[in-house]
Amino acid sequence: AGDPLLQALEARAVTLAPEFAFRNALMLLLALQKMEKVAGEALVVALTRRCTAILQGRCTVSSGSVEAQEVANLAWVLAKMRVVVPRPLIQALQARALVVVDDFTAQEMANMVWALSCVEKTLLLQVAEETGEGGRHLAPDSNGTDSGGWARRSQEPAPYIPGLEPELLDAFSERALVVAEDFEPQHVAMLLWGLGKMDLFA
């Protein structure tokens, strides 16, 4: 970021990230998604770590405060940002989704399935997990170059396909039957596209 104010705010947010509530971290990620050319890599890593810690119950903030809409929105924003998502966060998101599945709307289910099918199919480099360096990478364009201001490492991490856990797929299937009349055309398209991309109809 070239703006001194943005730089100062990002630096402060990185420092405060371990104290963020889930909703605060989510709101900031949604904001960063709208200004990806100036967002700092360290901040995205700090925020995703905080969300993971909350969902895994490793801090004073209870995962019980995380609602279905927030689960779906976090998955959605990470997919939109094309972030390389750590396996623990994907697993924790799905575990929480399973707990609050009865609160999911048609749109939230569609968003989450779509997001899980779009999330970068790679693991966050272990060095990023261990040292806090790096962690946010944008997949190259069709011509092999990077887009926007996102950082990218020259060496690809080991492949990892998030997919949809069987238990969550079953739970979403049951929930979809309950809210079937609430599905709009876009929701149906997103849901079927996501399921198809994950080869769940094979």
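Reader: Which way does helix 4 pass helix 6, in a left-handed or a right-handed crossing?
Author: Helix 4 passes helix 6 in a left-handed crossing. Left-handed means the near helix is turned anticlockwise from the far one by less than a right angle; clockwise would be right-handed. The helices are DSSP runs (H or I, at least four residues), numbered from the N terminus.

Reader: Which residues make the contact?
Author: From helix 4, they are A68, Q69, V71, A72, A75, W76, A79 and K80. From helix 6, they are E108, N111, M112, W114, A115 and C118. Contact means heavy atoms within 4.5 Å.

Reader: And how do those residues divide by class?
Author: Ten are nonpolar, two polar and two charged. Here Ala, Val, Leu, Ile, Met, Phe, Trp, Tyr, Cys and Pro count as nonpolar, Asp, Glu, Lys and Arg as charged, and the others, Gly among them, as polar.

Reader: What's the angle between helix 4 and helix 6?
Author: About 35 degrees, with the axes 8 Å apart. Axes are lines fitted to C-alpha atoms, for helices over the stretch in contact, and angles run from 0 to 180 degrees between N-to-C directions.

Reader: Before we go on, what kind of model is this?
Author: This is a predicted model: local features need pLDDT of at least 70, side-chain atom pairs count only at pLDDT 80 or more, and totals for chains, interfaces and linings use all residues. Residues are numbered from 1 along each chain as its sequence is written, and side-chain values use heavy atoms, with hydrogens and water left out.

Reader: Back to N111. Is N111 buried or exposed?
Author: N111 is buried, with a relative accessible area of 11%. Buried means under 20% relative accessible area, exposed over 50%, partly exposed in between (1.4 Å probe, protein chains only). Leaving aside neighbours within four places in sequence, N111 touches W76 and M190.

Reader: What about D103, buried or exposed?
Author: D103 counts as exposed, at 53% relative accessibility. D103 sits in the loop between helix 5 and helix 6.

Reader: Which residues is D103 in contact with?
Author: A68, E108 and R175, leaving aside neighbours within four places in sequence. D103 and R175 are 72 residues apart in sequence, yet 8.9 Å apart in space, C-alpha to C-alpha.

Reader: New topic: helix 3. Why call helix 3 largely enclosed?
Author: Because twelve of its 15 residues are buried. Among them are L43, V44, R50 and T52. The buried residues of helix 3 pack against helix 1 (4-16), helix 2, helix 4 and helix 5.

Reader: How do helix 2 and helix 3 run relative to each other?
Author: They are roughly antiparallel. Their axes come within 10 Å and cross at roughly 150 degrees. Angles under 35 degrees count as roughly parallel, over 145 as roughly antiparallel, 65 to 115 as roughly perpendicular and the rest as oblique.

Reader: Which residues of helix 2 make that contact?
Author: F22, A25, L28, L29 and L32. By class, the contact of helix 2 with helix 3 has eleven nonpolar, no polar and no charged residues.

Reader: And what comes just after helix 3?
Author: G57, which takes a positive phi of about 70 degrees.

Reader: Last one: which residues of helix 5 are buried?
Author: L89, I90, A92, L93, Q94, R96 and A97. These pack against helix 3, helix 4 (68-81), helix 6 (106-118) and helix 8 (166-178).

Definitions and conventions
Helices (H or I, at least four residues) and strands (E, at least two) are DSSP runs, numbered from the N terminus.
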